[in-house]
Amino acid sequence: NYVVDDYVILKMDIEGLEFDIIRQLLVDGLIPTIDEIYCEFHCFAPDASYRRALQWILKASKTILRRWK
């Protein structure tokens, strides 16, 4: 069960689909429910401008994006 006051952490290590998942979470309006995303990014990621745009959107939603290594 989810309550608005819950602190939600999402960890992803999904071999190149990270940006697709983040994009879909944005489309579905779920990013504001996530406080931190830990993500291992892979070389399959889209170009740098796309990555920067997603990072800007995450920052605007106050979701913390951390690199998982």
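**Entry 1: helix pair**

I looked up the axes of helix α1 (residues 18-27) and helix α2 (residues 48-60): they come within 11 Å and cross at roughly 40°. The angle makes α1 oblique to α2. My angle classes: under 35 degrees is roughly parallel, over 145 roughly antiparallel, 65 to 115 roughly perpendicular, and the rest oblique. Axes are lines fitted to C-alpha atoms, for helices over the stretch in contact, with angles from 0 to 180 degrees between N-to-C directions. Helices are DSSP runs (H or I, at least four residues), as are strands (E, at least two), numbered from the N terminus.

This is a predicted model, so I note that local features need pLDDT of at least 70, side-chain atom pairs count only at pLDDT 80 or more, and totals for chains, interfaces and linings use all residues. Residues are numbered from 1 along each chain as its sequence is written, and side-chain values use heavy atoms, with hydrogens and water left out.

I then checked the hand: α1 and α2 cross in a left-handed way. On the α1 side, Phe19, Ile22, Arg23 and Leu26 make the contact (heavy atoms within 4.5 Å). On the α2 side I listed Tyr50, Arg51, Leu54, Ile57 and Leu58. Sorted by class, this contact has 7 nonpolar residues, 2 charged and no polar.

**Entry 2: salt bridge**

How many salt bridges does a search of the whole structure find? I got 1 (a side-chain nitrogen of Lys or Arg within 4 Å of a carboxyl oxygen of Asp or Glu). Arg23 pairs with Asp20, and their closest N and O atoms are 3.1 Å apart. Both residues sit in helix α1, 3 residues apart, about one turn of the helix. Arg23 has a relative accessible area of 35%, so I logged Arg23 as partly exposed. Asp20, at 36%, is also partly exposed. The cut-offs: buried is under 20% relative accessible area, exposed over 50%, partly exposed in between (1.4 Å probe, protein chains only).

**Entry 3: Glu36**

I turned to Glu36, in strand β2 (residues 36-39). Is Glu36 buried or exposed? Its relative accessibility is 8%, so Glu36 counts as buried. Leaving out residues up to four places away in sequence, I found Glu36 touching Tyr7, Val8, Ile9, Leu10, Ile64 and Arg66.

**Entry 4: Val3**

Val3 lies in the segment before β1 (9-12). I read 49% relative accessibility for Val3, so Val3 counts as partly exposed. Thr33 is 30 residues from Val3 along the chain, and their C-alpha atoms are separated by 9.5 Å.

How values were computed. A crossing is left-handed if the near helix is turned anticlockwise from the far one by less than a right angle, and right-handed if clockwise. Ala, Val, Leu, Ile, Met, Phe, Trp, Tyr, Cys and Pro count as nonpolar, Asp, Glu, Lys and Arg as charged, and the others, Gly among them, as polar.
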